[in-house]
Amino acid sequence: MKKFVSWLLLAAMLTSITACGGSGSDETTADTTVDTAVTETTAETINPAELDELPTDVKYDGYDFRIMTHEFPAVNVAWVIQDIRADELTGERINDAVFERNAQFTERFGANVKEVLDDTTKVVNTVKQLISAGDDAFDLFQTGVFNQSSLSVQGYILNMNNIDYLNFEKAWWDISAMKGVTIGDKIFHAFGDNSLNGKKGTYVVLFNKALTEDAGVPDLYTTVKEGDWTIDKLAEYGEQIARDVNGDGDLTWGDDVYGIGLQFEVALALFSAAGVTSFSFNEDGSYNYHLSDANVVDAMGIINNFMTSAMEYSVNCELETGEYKQNWPEFRNLFMSDMIGFFMGHLGTVTLVGGDMNSDFGILPFPKVLPDQDQYYNAFQYGNVMSISIPKTCSDTTRAGLLTEAYVMLSHDTVLPAYYDYTLTMRNARDTESAEMLDIIFSSRVFDVGIAYANANIGMYKFLQDAGNAETFNYASSEASNKASLIAEMEKNIKSLDQYAE
């Protein structure tokens with residue numbers, strides 16, 4: 001896995017470069033010293049997955065490596081695109097890391113990173129129109145996984161496994177998650193260290209340190225590192241934290257302290273956190289259906305019990321209505337105001353609360369669900385997490401493969417450590433233990449192809465979410481009645497992917 005100590009050194013190097021700014025002899029000496037230290041440190045710990053094996057004699061002088069992407073609505077500030085374009089050094093960590101990555105990219109390969117922005121509401125149609133017209137308008141498309149899945153089954157993007165230079169065994173690719181993206185020998189979109197929204201869209205548990213300490217909760221980082229962070233512990237500690245402050249016998253939004261804050265979609269994240277999956281694929285492209293497996297049935301029972309019984313001491317954002325018209329901002333305000341102990345959300349939340357929250361908070365992986373689970377697993381928030389793909393109108397796949405690999409590789413030692421540094425030094429997430437937690441989280445992310453290739457309102461996504469939140473648990477009968485349609489949906493997708501794989 002990636003070593004955070006080396007990343008901190010690299011982040012320090014970037015900070016030094018940014019602080020110097022000029023080209024005088026003092027600055028040059030300082031930068032050389034840091035470079036040497038980093039080289040010596042990484043040389044001792046480097047593994048084959050981190051070796052740069054790209055050619056050193058290839059130049060695409062003046063070529064614009066065009067990355068099509070889109071902004072989310074302005075209200076969703078957590079998802080602002082920060083990782084492609086940086087026009088100058090400003091002293092802001094992520095901006096300057098992106099600038100450095102792009103400068104290295106140009107110096108090494110002669111090409112320039114160019115951002116092509118479109119509107120979120122129309123970007124997919126724009127991409128379809130460009131590709132249908134045979135227009136070689138961009139090299140990469142960075143967008144959400146639901147968009148990528150839709151484009152792949154409709155034949156608009158290429159099988160990345162057929163493209164030279166792309167090596168998904170390298171450390172700058174999300175190796176754990178890529179196993180779920182791979183369908184037989186086909187990969188239509190990928191997760192790498194280039195996309196910060198690919199990292200932010202990861203489910204985590206934030207915890208309010210003031211509330212956990214006041215409630216006598218044991219050290220949570222130690223609990224995680226010893227392998228004892230489980231859904232039962234989360235429930236126990238959540239109940240321990242909850243307080244009826246106004247004394248009316250109920251927990252009331254804005255008055256009382258909730259142990260846990262969540263939403264309906266958490267059931268999907270817990271499904272993946274159990275280390276189970278809806279479908280898996282063999283090397284020959286055949287699939288295995290898992291929803292009737294004993295461990296899946298057990299996991300769904302535990303998840304349903306948590307999602308329903310936890311409401312005695314927790315709050316579900318999506319159940320609150322009435323005066324709270326902007327539920328998510330108000331929901332986050334509860335956490336920031338010491339009224340939620342554990343916040344089950346995505347890493348983008350750190351951006352939204354870190355600058356204004358007075359109490360310290362920490363970051364944890366999602367808890368283990370099954371009692372015999374060997375490790376932690378962390379899920380994507382499929383509606384927001386971004387991946388990259390290559391359009392079928394690509395006129396030079398060798399160039400696209402080389403520059404894509406280079407772009408992601410160079411992000412590994414620039415953009416990613418800057419994101420770590422930024423996330424961990426937000427106003428109150430300064431503890432080094434959270435760095436270890438991010439290592440655990442990012443090295444254990446899992447992608448469920450059945451969820452990602454379903455529409456959020458139908459199919460696998462809705463089935464699992466409804467089963468996890470059902471007031472009356474009847475998973476076995478529900479799975480039996482839905483099995484044929486869920487398999488048919490996947491087989492339809494497989495057929496389409498096979499058709500467009502070459």
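1. R399 lies over the face of Y63, at 3.9 Å from the ring centre, where a charge counts as sitting over a ring if NZ of Lys or CZ of Arg is within 6 Å of the ring centre and within 35 degrees of the ring normal. K199 is likewise placed over the face of F442, at 5.1 Å from the ring centre.

2. This is a predicted model, in which local features need pLDDT of at least 70 and side-chain atom pairs count only at pLDDT 80 or more, while totals for chains, interfaces and linings use all residues. Residues are numbered from 1 along each chain as its sequence is written, and side-chain values use heavy atoms, with hydrogens and water left out.

3. Across the whole structure, a search finds 25 aromatic pairs; rings of Phe, Tyr and Trp (its six-membered ring) pair if their centres lie within 6.5 Å, and planes under 30 degrees apart count as stacked, over 60 as edge-to-face and the rest as tilted. One of them joins F191 and F380, which are stacked at 4.7 Å centre to centre with 20° between the planes. Because F191 lies in the loop between α6 (175-181) and α7 (197-200) and F380 in the loop between β11 (378-379) and β12 (386-389), the pair ties together parts that are 189 residues apart in sequence. F191, at 2% relative accessibility, counts as buried (under 20% relative accessible area, with a 1.4 Å probe and protein chains only), and F380, at 2%, counts as buried too.

4. The rings of Y420 and F442 have centres 6.0 Å apart and planes at 50°, so this pair is tilted. Y420 belongs to helix α16 (residues 415-424) and F442 to helix α17 (residues 432-442), and the two residues are 22 apart; both are buried.

5. In soluble globular proteins, nonpolar side chains tend to be buried together.

Methods. Helix = DSSP H or I, 4+ residues; strand = E, 2+ residues; numbered from the N terminus. Buried < 20%, exposed > 50% of the residue type's maximum accessible area, 1.4 Å probe, protein only.
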